[in-house]
Amino acid sequence: MRIYTMAAVGLMALAAHAQETPATGDAYMAGQLATEDLNGTARYVGMGGAMDALGADLSVMSTNPAGIGLFRRSQIAASFGMNAQEDGKSFADGSKANASFDQIGFVYSSQTGRQSYVNFGFNFHKSRNFDYVLSAVNALNGSSAANQTAYKFINGTIDNNYLTETQLDNLYYNNLLSDAKGNIYDVEGLDYEFDRAHTGYIGEYDINLSGNVNNRFYWGLTVGIHSVHYHGYSEYFERLNSTFAPEVLISDDLKLTGTGYSVKGGIIVRPFEESAFRIGAAVSSPTFYKLTTTNYTTIGSNVDRSEAGEDFRFNTPWKFSLSAGHTIGRNLALGFVYEYSDFSACDMRTIDGYTHDYWDDTDYSRSSSDQAMKRQIERTLRGVSTLKLGAEFKPFPELSLRAGYNYVSPVYQESGVRDQTVPSPGVYYASSADYTNWKATNRLTLGCGTNIDKFRIDLAYQYQMRDGDFYPFMKYSSAEVDLYDENGNATGNIVTLENSCQPVKVKDNRHQFVCTLSYTF
């Protein structure tokens, strides 16, 4: 075990973390919050979500609001189902199978002319389902998660003013890395086991106003209210080559809650009067979030405990889409959607203070971009393209058969790392060090539906596949440093610090079953 003597003056001078201290999340939290699932009504899921130009489904309220303008009668619908993870194991509150209430909404249609309508709608759906259990085991070959703290001290990248407020650095420094002389130990790890249970969702509440002009031009506007409910619990167990500390267990309990809002607009045009072919376009503003994290992190069996609760703001990127749809007679409908969103433009923001509005007696927060994390997001995330294809076939009027396909390009750069040296509150208050670089997502969907008078029941099945590379902590190689002995004397032994870990291949393969009950009037 190597020992480095460091100045530790003032390390424990600060009091425990205060609630008003500014904070932000990091690039990997940004990627999780900006990602959306394929979810909604069973008809929408069964056709792979390729309904932006076809319209007349409640789920298009959040993708192309103009699609609600195709309704000519009012409708109410609710959807529920089951999600099942193919790989992994149940852990803590995480389970491989979960029931889910996915959607409920209505549209009220009113005729304003011979072929013109103005419609009003409301819809709730889960835009993001966090339920997922991840497990990984691998050798370390001398590396260790604890060495990130030593690395930051030795290279001068740690901010001592934040040490007592930094979850992992605080715990490692107090319990594993330092002694009474202020020495910092470079720990040698043998292997590790990691388990994390993700639970929760992002719920989106959409309010829509849309219209149909002479059955040729459709327009729509949606205001969305987003509600975040995330809970993650993980245990990282590491065996060490040390008689002083033969093993270490880090338990992390993270909750993320908050609300946000967005505005979406769209149009659909039927360019040829004699043809049912339609083209559409839509744009979605960023979702402007105000979020709060609550962290509880322990080392060993509650040997030491660190906790924090932080408020910050986060803006997702703009999203743009183009779509096309065509119906052939009353038997076949075909849909196509292309979406693009530049995830590298995600904006983590620090709350700088509050302004009091005496007119309505309300405090409003002032925020600014976390520039260091902004650069890290640009290095970690990328522009994301989504392709949706779908078809619906009616062998006879009472039965509909559907199929769809999605391709979503990777969110994360292959070289992306959860850099623990970025001078950002999103790193200072980090309660874990792991990250996964997920690759492209593929989805296959099937569905069917039947109607009895004004009632309708629809069923859908979705199979989602994606692979990823899991890292328990970031890899690094530092500049050359001088080793010191136990008495604090320089030995002249110059070394290069390295801490590397090989990725573990993980999968996120899921099955989803959706059932929608609707009534048209």
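## Around S251

S251 touches Y233, S234, E235, Y296, T297 and T298, leaving aside residues up to four places away in sequence (contact means heavy atoms within 4.5 Å). Its place is in strand β9, residues 247-269 (strands are DSSP runs of E with at least two residues, numbered from the N terminus). S251 is buried, with a relative accessible area of 9% (buried means under 20% with a 1.4 Å probe, protein chains only).

## About the model

This is a predicted model, where local features need pLDDT of at least 70, side-chain atom pairs count only at pLDDT 80 or more, and totals for chains, interfaces and linings use all residues. Residues are numbered from 1 along each chain as its sequence is written, and side-chain values use heavy atoms, with hydrogens and water left out.

## Aromatic pairs

The structure holds 15 aromatic pairs (Phe, Tyr or six-membered Trp rings with centres within 6.5 Å). Y435 and Y471 form one that is stacked, at 4.9 Å centre to centre with 15° between the planes (stacked means planes under 30 degrees apart). Y435 lies in strand β19 (residues 435-452) and Y471 in strand β20 (residues 455-471), so this pair ties together parts that are 36 residues apart in sequence.

Both Y435 and Y471 are buried. They also belong to one aromatic cluster with Y28 and Y412.

## Charges over rings

The charged end of K126 sits over the ring of Y201, 4.9 Å from its centre (NZ of Lys or CZ of Arg within 6 Å of the ring centre and within 35 degrees of the ring normal). R466 lies over the face of W438, at 4.3 Å from the ring centre.

How values were computed: Helices (H or I, at least four residues) and strands (E, at least two) are DSSP runs, numbered from the N terminus. Buried means under 20% relative accessible area, exposed over 50%, partly exposed in between (1.4 Å probe, protein chains only). Rings of Phe, Tyr and Trp (its six-membered ring) pair if their centres lie within 6.5 Å; planes under 30 degrees apart count as stacked, over 60 as edge-to-face and the rest as tilted.
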